[in-house]
Amino acid sequence: GRLYAYFAPPLRTRDLPALFARSVLGIAHRQNTLRSVASPELWVDTPFSATINVACDGELLTLASPLHYRSWPDALTVFTPAG
């Protein structure tokens, strides 16, 4: 029933693997850490553009900002093996 969003600081693409490794290992650097938010709904605003490219089920869509995401508890049925 919760959505999780992770925010990376502005950095070069080549710096992303190190950021990921530090996050997994719990090594924090003041300015170069991932931040996270958990909530039943999230609004994503793009203050510098009226639209944003979003990947949805393998398709690239151009959507108007702000984007509104919300959780639908029990919307997905998961089957698992018995036992």
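Which backbone oxygen does the side chain of T46 reach? The side chain of T46 reaches the backbone oxygen of S49, at 2.8 Å.

Before going further, a word on the model. This is a predicted model, in which local features need pLDDT of at least 70 and side-chain atom pairs count only at pLDDT 80 or more, while totals for chains, interfaces and linings use all residues. Residues are numbered from 1 along each chain as its sequence is written, and side-chain values use heavy atoms, with hydrogens and water left out.

**Around T46**

You will find T46 in the loop between strand 3 and strand 4 (51-56); strands are DSSP runs of E with at least two residues, and helices are runs of H or I with at least four, numbered from the N terminus. T46 is buried, at a relative accessible area of 16% (buried means under 20%, exposed over 50%, partly exposed in between, with a 1.4 Å probe and protein chains only). Its side chain has these two polar partners, where a polar contact is a pair of N or O atoms within 3.5 Å, one able to donate a hydrogen and the other to accept it, and residues adjacent in sequence count only if both atoms are side-chain atoms.

| Partner of the T46 side chain | Distance |
|---|---|
| side chain of S65 | 2.9 Å |

Leaving aside residues up to four places away in sequence, T46 touches T51, I52 and S65, with contact meaning heavy atoms within 4.5 Å.

**The largest pocket**

I52 turns up again in the lining of the largest pocket, together with L3, A5, F7, L42, W43, V44, L67 and Y69. A pocket here is an open set of points on a 1 Å grid over the protein atoms alone, where a 1.4 Å probe fits, with protein on both sides within 12 Å along at least five of seven lines; lining residues have an atom within 4 Å of a point. The volume of this pocket is about 170 Å³. Strand 1 (3-7), strand 3 (41-44) and strand 6 (67-70) each give at least two residues to the lining.

**The whole chain**

The protein has 1 helix and 6 strands, arranged along the sequence as β-α-β-β-β-β-β. Its radius of gyration is 17 Å, well over the 12 Å from the globule rule for 83 residues, so the protein is more spread out than a compact globule (the radius is taken over C-alpha atoms, and the rule is 2.2 Å times the number of residues to the power 0.38). Buried residues make up 13% of the 83 residues. I27, in the loop between helix 1 (16-25) and strand 2 (35-39), is partly exposed at 44% relative accessibility.

Note on methods
Grid points are joined across faces, edges and corners, and a volume is the space filled by probe spheres set on the points.
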